[in-house]
Amino acid sequence: MTWLITGGAGYIGAHVVRAMTAAGERAVVYDDLSTGLPGRVPDGVPLVTGSTLDGERVVRALADHEVTGIVHLAAKKQVAESVSLPLYYYRENVEGLRVLLDAGASAGVRSFVFSSSAAVYGMPDVNLVTEETPCLPMSPYGETKLAGEWLVRAAGAAAGLATACLRYFNVAGAARPDLADTGVYNLIPMIFEKLTDGLPPRVFGDDYPTPDGTCVRDYIHVLDLAEAHVAAARALRSAPGRNLTLNIGRGEGVSVREMIDRVNALTGHDRRPTVSPRRPGDPARVIASADRAAVELNWKARHDIDAMITSAWSGWLRLHPSAARP
Ligand code: WQD
């Protein structure tokens with residue numbers, strides 16, 4: 001099968017492309033390069049530069065490469081930015097998806113894997129988030145991912161597509177230093193940045209109802225996440241009309257303080273954090289139940305927090321060599 005991987009020049013997409021080709025699938029990357037980097041696309045994998053909003057370009061790419069499946073990762077993903085630019089997020093993430101589904105159906109695509117997010121759950125008040133936990137997104141970003149799932153399910157059912165919506169939890173780590181996330185928007189790179197600047201990492205609130213008072217999240221290695229895409233793509237093969245909606249996490253919580261402690265230990269730094277006010281909209285605890293993905297995909301995360309930190313740190317050092325000196 002040939003898969004169009006939108007956002008394949010991005011941080012997560014580049015890992016998905018490698019996992020898919022390593023598993024013997026053919027891949028074509030479709031990316032507008034707004035945040036993606038052409039250097040992340042492996043040799044031998046065609047790169048089509050274009051927006052998912054450009055239906056004609058998508059249709060041509062699907063026909064030119066005889067695509068039969070789509071893995072759709074191209075999207076805007078900054079929660080805070082989505083609050084100030086909701087129309088932009090709805091256009092890019094929802095309208096871009098609608099155009100892509102329309103093009104896919106007309107071009108004979110049979111399988112569609114959609115990159116969703118734990119952000120669809122908002123502030124879940126449960127110990128473990130299952131796929132049945134109510135979806136009450138807290139940001140336009142989360143709303144666009146939930147609306148995206150609705151679109152995928154409805155359009156998939158109408159066109160007889162097999163579809164999967166993968167709800168990523170907190171993604172971290174890298175396969176190689178040059179594939180690491182270059183953005184500084186999430187906890188691990190934000191800790192790295194403070195250490196590099198000789199400053200204490202920040203804890204946003206230490207009065208949450210959690211064991212050490214700091215927020216707990218379910219971090220997943222991008223290599224495991226990429227393997228989940230391969231497993232989903234396989235599960236959709238020859239399954240017209242099937243829809244899978246799956247949490248992709250480890251089912252284990254790590255607090256902000258625990259993460260800072262491990263980063264200090266693994267990077268040779270020793271900076272105690274300072275406590276800043278809570279960040280608005282932060283849930284105390286978000287941990288996936290990963291059972292459904294284990295049953296449906298026979299997939300389970302294999303990498304631990306230390307592997308995420310050390311691989312992300314190698315990528316960070318590549319761009320910030322001075323960070324190595326505590
Ligand atoms: C994790 C925890 C912070 C930085 C977001 C999106 C989600 C997904 C992943 C996209 C929180 C705390 C952070 C710092 C801190 N996005 N923190 N000090 O908010 O769980 O999830 O990113 O696809 O949809 O909502 O991730 O990495 O921003 O924060 O204390 O310097 O770390 O308050 O509790 P989050 P995060």
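Five of the six residues of strand 11 (residues 243-248) are buried, so strand 11 is largely enclosed by the rest of the structure; buried here means under 20% relative accessible area, exposed means over 50%, and partly exposed lies in between, with a 1.4 Å probe and protein chains only. Strands, of at least two residues (E), and helices, of at least four (H or I), are DSSP runs numbered from the N terminus. This is a predicted model, in which local features need pLDDT of at least 70 and side-chain atom pairs count only at pLDDT 80 or more, while totals for chains, interfaces and linings use all residues. Residues are numbered from 1 along each chain as its sequence is written, and side-chain values use heavy atoms, with hydrogens and water left out.

Strand 11 pairs with strand 6 (residues 162-168) in the parallel sense over six bridges, where two strands count as paired if DSSP finds at least two bridges between them. Within this pairing, Leu244 of strand 11 is the bridge partner of Ala164.

## Surroundings of the ligand

The ligand has 19 residues around it, of which Leu187, Arg202, Arg217, Arg279 and Asp282 come nearest; a residue is near a molecule or strand if one of its heavy atoms lies within 4 Å of it. By class, this shell holds 11 nonpolar, three polar and five charged residues, with Ala, Val, Leu, Ile, Met, Phe, Trp, Tyr, Cys and Pro counted as nonpolar, Asp, Glu, Lys and Arg as charged, and the others, Gly among them, as polar. Helix 6 (187-196) and strand 8 (202-204) each supply at least two residues of the shell, and the largest share, three residues, comes from strand 8. Domain 1 (2-171 + 220-248) and domain 2 (172-218 + 251-287 + 302-323) each contribute at least three residues to the shell, the bounds being taken from an automatic or database domain assignment.

Oxygen atoms of the ligand lie 2.5 Å from a side-chain N or O atom of Asp282, 2.6 Å from one of Arg217 and 3.3 Å from one of Ser117. The protein covers 86% of the 700 Å² of accessible area that the ligand has on its own, as computed by the Shrake-Rupley method with a 1.4 Å probe.

An open sheet with mixed pairing is formed by three strands in the order 12-9-14. Strand 12 (254-255) and strand 14 (285-286) stand at the edges with a single partner strand each, so one side of each is left without a neighbour in the sheet. Strand 9 (residues 216-217) pairs with strand 12 in the antiparallel sense over two bridges, and Val216 has Ser255 as its bridge partner in strand 12.

Thr6, in strand 1 (residues 2-6), is buried at 0% relative accessibility. A polar atom of its side chain lies 3.0 Å from the backbone nitrogen of Leu73, and the Thr6 side chain also reaches the backbone nitrogen of Ala74 at 3.1 Å.

Most residues other than glycine have a negative phi. Glu66, however, has a positive phi of about 50 degrees; it is found in the loop between helix 2 (55-64) and strand 4 (69-72) and is exposed, with a relative accessible area of 64%. Asn298 likewise has a positive phi, near 55 degrees, lies in the loop between helix 9 (291-297) and helix 10 (305-319), and counts as exposed at 71% relative accessibility.

Methods: A polar contact is a pair of N or O atoms within 3.5 Å; within protein, one must be able to donate a hydrogen and the other to accept it, and residues adjacent in sequence count only if both atoms are side-chain atoms.
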